[in-house]
Amino acid sequence: MKIGIAGIAGRMGQLLAEEAVAAGFTVVGGVDRAPAPGAVMFADIAALAAAADVVVDFTHASTALAHAAAVAEAGCAWVLGTTGLDAGQEAAVAAAGRRTAVVYAPNYSPGVVLLAALAERLGAALPADSYDAEIVEMHHRQKVDAPSGTAVALGRAVAKGRGVRLEDVTDSGRGGHTGARRTGAIGFAALRGGQVVGEHTLIFAAAHEQIALSHRAFDRRAFATGAIRAAGWVRGRPAGLYGMLDVLGMTTQA
Ligand code: NAD
């Protein structure tokens with residue numbers, strides 16, 4: 001299988017090239033604004049899409065419209081990892097998914113994807129009035145936002161399982177005299193320090209038992225191996241917009 005990498009000079013791009021080779025795929029080359037020593041550089045995304053079976057794309061949201069058009073035109077499968085897309089850019093991704101096979105996921109770590117799926121099921125199974133849901137996350141000292149996007153996604157999954165909107169029940173950044181815990185709230189706590197890549201723990205605490213599920217990312221390579229797994233899965237699929245749950249075989253059958 002021939003893989004092309006958009007953003008091949010970037011932090012993810014370099015890991016993706018290594019992981020694609022480790023998985024036994026052929027890396028035909030890539031596109032990037034920056035040079036990528038040792039890699040075959042294509043003139044543009046259209047040329048890359050014409051030469052590859054699957055384009056794995058971890059670049060910048062500003063590329064989404066052009067890349068969506070190019071993969072759709074070439075009929076090349078597309079594994080998109082770029083984050084921060086606005087509504088118009090996401091619409092272009094969805095449009096590409098009507099013409100070719102597209103996997104689009106905000107987090108390609110299989111562990112996080114499965115944790116979110118479990119979070120929704122636990123949210124549905126454990127009554128909100130007796131099981132208090134709390135999410136604790138820790139990241140490196142350079143991180144500028146809190147709670148993390150993954151923590152919010154876990155909270156959203158619990159809320160979905162409970163049939164509520166996270167915005168209506170979120171409880172973030174407690175301090176001072178907060179009063180007693182609100183029944184049904186989904187709480188967040190963010191720890192910052194050192195070089196922690198990403199740790200998330202989802203807790204359901206009741207009067208007589210407590211469940212805690214934890215995920216730790218040691219390395220960004222977890223995203224690269226997940227994305228290459230998605231590339232192996234998506235090749236030859238019918239046109240459609242898929243997510244990591246599809247890749248992992250966890251999609252609920254209708
Ligand atoms: P990075 O800045 O190290 O790499 C991005 C690369 O894309 C750079 O080499 C840059 O030159 C290139 N690029 C930017 N604009 C381009 C353009 N117009 N044409 C060609 N190349 C262009 O960043 P990164 O850490 O590798 O992350 C890249 C993207 O992937 C970000 O959006 C990041 O949030 C996302 N990401 C997603 C996941 C996931 O699991 N979905 C995991 C990690 C990172």
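In the predicted model, Glu137 is placed in strand E6, which spans residues 132–139. The residue is buried, its relative accessible area being 1%, a value that falls under the 20% cut-off for that class. The side chain of Glu137 is in polar contact with the side chain of Arg192, at 2.7 Å. When residues up to four places away in sequence are left out, Glu137 touches Ala146, Pro147, Ser148, Ala151, Ala189, Ala190, Leu191, Arg192, Glu199 and His200.

At the level of the whole protein, the domain assignment gives domain 1, made up of 2–108 and 220–247, and domain 2, which covers 110–217. The contact between them draws on six residues from domain 1 and five residues from domain 2, while the centres of the two domains, taken over C-alpha atoms, are separated by 30 Å.

The size of an interface is often expressed as the accessible area lost when the parts come together. Here, domain 1 and domain 2 bury about 530 Å² between them, of which 74% lies on carbon and sulfur atoms. On the side of domain 1, the most area is lost to domain 2 by Asn107, Met244 and Leu245, which together account for 61% of what that side buries.

With regard to specific interactions, zero salt bridges are counted between domain 1 and domain 2, and one residue pair in polar contact is found across their interface, with both residues at pLDDT 80 or more. Helix H8 (221–234) and helix H9 (244–247) are the elements that give two or more residues to the side of domain 1 touching domain 2. By class, this side of domain 1 has four nonpolar, two polar and no charged residues.

Notes. Residues numbered from 1 in each chain as written. Predicted model: local features only at pLDDT ≥ 70, side-chain atom pairs only at ≥ 80, totals over all residues. Heavy atoms only, no water. Domains from an automatic or database assignment. Contact = heavy atoms within 4.5 Å. Buried area = accessible area lost by both parts, 1.4 Å probe. Salt bridge = Lys/Arg side-chain N within 4 Å of Asp/Glu carboxyl O. Polar contact = N/O pair within 3.5 Å; in protein donor to acceptor, adjacent residues only side chain to side chain. Helix = DSSP H or I, 4+ residues; strand = E, 2+ residues; numbered from the N terminus. Nonpolar A, V, L, I, M, F, W, Y, C, P; charged D, E, K, R; others polar. Buried < 20%, exposed > 50% of the residue type's maximum accessible area, 1.4 Å probe, protein only.
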